[in-house]
Structures are given as structure tokens and as C-alpha cells.
Amino acid sequence: MATPPKKRVLSGMRPTGKLHLGNYVGALENWVRMQEQYDCFFVIVDWHALTTDYADPSRLKENLVDVLLDWLAAGLDPAKCVMFIQSHVPTHAELHLLLSMITPVGWLERVPTYKEQRENIKGKDLDTYGFLGYPVLQAADILIYKADVVPVGEDQVAHVELTREIARRFNGFYAGKREYIFPEPAALLTPAPRLPGTDGRKMSKSYGNALLLTDAEPVVRQKLKTMVTDPRRIKRTDRGDPDVCPVGDLHKIFSSKETMAKVYEGCRSAGIGCIECKSWVADALVKILNPMQERRKKYEDNPRLAWDILEAGSARAREVAGATMDEVRKAMGLDYSRNDSPSDSPNVIPNGRSTSEPAKDSTK
Ligand code: SF4
């Protein structure tokens, strides 16, 4: 019996530069697992970066390469998944335009992140057409590959829901006798533990509290030394509680059960100091980061290898996206060519001249 085709997954990241541990546990680690089971397409969405950072694209290329290197370092394998650049598949833009024809503005204005980001991102004018429409671009990114599954964090669920609504509306208008043209993708909620940064807030590069995947061992240890702990442990003899300590949260994600037991016992009895406790979490992190950094080095030393991966991935993506666009154009009545023009109307060639008119000699 033939094995059923693998379900297709689409997910992406903005080219924001070097990734941190929060990106790893929140998405990347999951992607590495998914590439074994699914037909995965992972895209670096450079056009999405321009929806907010349109005024200064100077670091776009460098940031894009950093993201790709971190993907490869984390274990994404070009033999198991397709990695590509959004702008290298121009049909994303075509589908975005066509979907924008059928997407009511009200749907976009009620996307929760739209209002939230407009209010929270200071110093940038986000009253732009591109920013309002970015969920439509995201819908195009997903639908053009007919993705079955989109792994997302909680804040992105509304975007997948919007994609489903757009797909439904498109199918309603244009599927004709077919059941559908676009399958409605399902959001796969990835349980991402809240990863604290060194100041105890959520890890984020913009807070300056992040542990990067590229941080060398001395940097990791140094950053952890300054990490906030349970505020009740002022003196070495004070008892603490790993459940209210950000270092404890890191242990829960990265340390073994045995270490965890030592942390609970030692912290609650004041049997260990915070410096020792932090050195254990540093050990666990270094164990994860070292092999990543070794893999990354191979591509850093030979960036051509990384670009080859992106180019091959983009070519594969163009192939799949192109096939979908053939269907879309046909469904929307945009597949005209001179060979199948109706016989009772003049054939029209690209310069607008009827083929029944004699060609004018422009030299006269
Ligand atoms: S011993 Fe560890 S868990 Fe307890 S307060 Fe210090 S750093 Fe936090």
C-alpha cells in the first residue's frame, strides 16, 4: 500500500539577525523535530521585515544570513526541509495582490497584533498600507504552498484564522465545481515555555537580556552571573525558591531531573549558593550551544554553502508556488493567452494591437 503523502508545513521568521535561546525553544527546536515528519517549507520573510523597518533596510542581508546560519546550526537540514527567501519567490507578491482584492479592510483592522503593534512600536510610522496588509501577505505565504499545518505561538493564532477566512472566501468565489483550491491550514500551537532573559523579563533582543545561540561559553557564563535570582536570597544563608527565580525557570527547561532535584533541595535549604546554581545551568546551556556553534562555523567559513542552500530551496519553492499560481490565475480568469482567445474577438497581442490589423511600419 502506498504511503500517504506527508502533510505540508509552512513557517517563517523575519530576518532579525542572530537568534537567541527564546527563538530556539519557541520555534526552532520544534521545526527541527517537524522536518522528520512533515514536508516542511521554512521561509525567511524579508518582505515582512520591510512592513515595519522600511526606512532602514541596510542590515537586511546581514540579518538574513545570520538567521539562516542559526537555522542550520540548530539542525535544520536541507536534505529534509526546504529553506528559502520570500523575495526570491516573487509569486508571493502576486498572490498577496490577488488576495488583497477579496480581503475586507475590517478583517485586517481587527487583527489583534495590528492595533497592539501600532501602539507599542514607537518611533516608526506604521500607518502604512503595507503594515495593515501584512496578514494578507502572510496568508499568501501559507496558501501558495497549500500548507496543511502552520506551527505558531499563541500570538499568531489569529493570523492563521484570518488565512483560513481568506482561503474560504477565495474558494467561495473561484473554486467553481471543485471542492476548493486552497485547503484551510490548521494552526499547530507549539507549547513554548516562557523563557526569561537575564533581567527576568521575557527574553528579547530589544530588552538586551538575551542569550544568543552564538554566545561563546565565557559569554554565557558571564551573562548568567549577572542574571537576577529570587529576590529573597540576599545573603548566602537566605533560603530561596526556584519556582520564583528566573534561573530556576532556565533549569526547568534545560537541566536534567537530577540537577533539578539538587537545585530545589539546595536552594530551599540554602545549601547551595546562587553562583554554583548558575554554573549548573551554564553547563546545561553550553552542552546545547557547543554543537550548534560547531555546525555554524562550517557555514561561516564557507558562506557560499549557505547561499547554495537558500538558492536551491528558493528554486524548489518557486516550482511549488508556480504550480499553485497557475491554478489561481485560471480560477480568477487571468489565464488568457492569444492561443485560446475567443474566435469572435480580435486576438490581442501585448502591445494592445489587434493581430487582424496590419503592422504599422514605425520607420515611415
Ligand atoms: S539558588 Fe538557584 S534557584 Fe535558588 S535563588 Fe539562587 S539562582 Fe535561583
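The model is predicted, so to speak of local features a pLDDT of at least 70 is needed, side-chain atom pairs count only at pLDDT 80 or more, and totals for chains, interfaces and linings use all residues. Residues are numbered from 1 along each chain as its sequence is written, and side-chain values use heavy atoms, with hydrogens and water left out.

**Helix packing**

Helices here are DSSP runs (H or I, at least four residues), numbered from the N terminus. Axes are lines fitted to C-alpha atoms over the stretch in contact, and angles run from 0 to 180 degrees between N-to-C directions.

| Pair | Angle | Axis separation |
|---|---|---|
| α11 (residues 246-254) and α12 (residues 257-268) | about 160° | 9 Å |
| α11 and α13 (residues 274-301) | about 40° | 10 Å |

The angle with α12 makes α11 roughly antiparallel to that helix, a label for angles over 145 degrees, while under 35 is roughly parallel, 65 to 115 roughly perpendicular and the rest oblique. Helices α11 and α13 are therefore oblique to each other.

Let's turn to the residues that touch, with contact meaning heavy atoms within 4.5 Å. From α11, G248, H251 and K252 meet T259, M260, V263 and Y264 of α12. By class, this contact has three nonpolar, three polar and one charged residues. Nonpolar covers Ala, Val, Leu, Ile, Met, Phe, Trp, Tyr, Cys and Pro; charged covers Asp, Glu, Lys and Arg; the others, Gly among them, are polar.

**Aromatic rings**

The structure holds eleven aromatic pairs, where ring centres of Phe, Tyr or Trp (its six-membered ring) lie within 6.5 Å. One aromatic cluster is formed by F170, F173, Y174 and F182.

How values were computed: Helix = DSSP H or I, 4+ residues; strand = E, 2+ residues; numbered from the N terminus. Phe/Tyr/Trp six-rings, centres within 6.5 Å; stacked < 30°, edge-to-face > 60°.
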